[in-house]
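The following exercises concern one protein structure. Each task is followed by a worked solution.

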Amino acid sequence: MYSLDMAEACIYLMENYDSGDIINIGTGEDITIRELASLISEVVGYEGEIRWNTSKPEGTPQKLLDVSRLHSMGWKPKTSLKDGLRFTYQDFLKNH
């Protein structure tokens, strides 16, 4: 999730939510590590090989938050994962 979307979600909740119940902030979309590595490679222009150590455990099968409560309140993130990665990488290149 892009940081500006997270900040906007926090402000939205401070202004529109007063329950003591926990509410998740997220995109509601899932992506595998393989898909994420491929997307990052595309964004940064990496053309090398990505090698996987298949002898290691798979990790948590799914890391998807249930954001249905927040989405039903009318808030959804504006920035796609690809755009967020692109913005972050451009900022890194500019400032580092």
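**Solution.** The model is a predicted one, in which local features need pLDDT of at least 70, side-chain atom pairs count only at pLDDT 80 or more, and totals for chains, interfaces and linings use all residues. Residues are numbered from 1 along each chain as its sequence is written, and side-chain values use heavy atoms, without hydrogens and water. Step one: assign helices (DSSP runs of H or I, at least four residues) and strands (E, at least two), numbered from the N terminus.

**Exercise 1.** Compare the radius of gyration of the protein with that of a compact globule of 96 residues.

**Solution.** The radius is taken over C-alpha atoms, and the globule rule is 2.2 Å times the number of residues to the power 0.38. For 96 residues a compact globule would come near 12 Å, whereas the protein has 17 Å. Along the principal axes, the C-alpha atoms fill a box of roughly 50 × 35 × 20 Å.

**Exercise 2.** Determine whether Val 44 is buried, partly exposed or exposed.

**Solution.** Buried means under 20% relative accessible area, exposed over 50%, and partly exposed in between (1.4 Å probe, protein chains only). Val 44 lies in helix H2, residues 33-44. Its relative accessible area is 33%, so Val 44 is partly exposed. Of the 96 residues of the protein, 16% count as buried.
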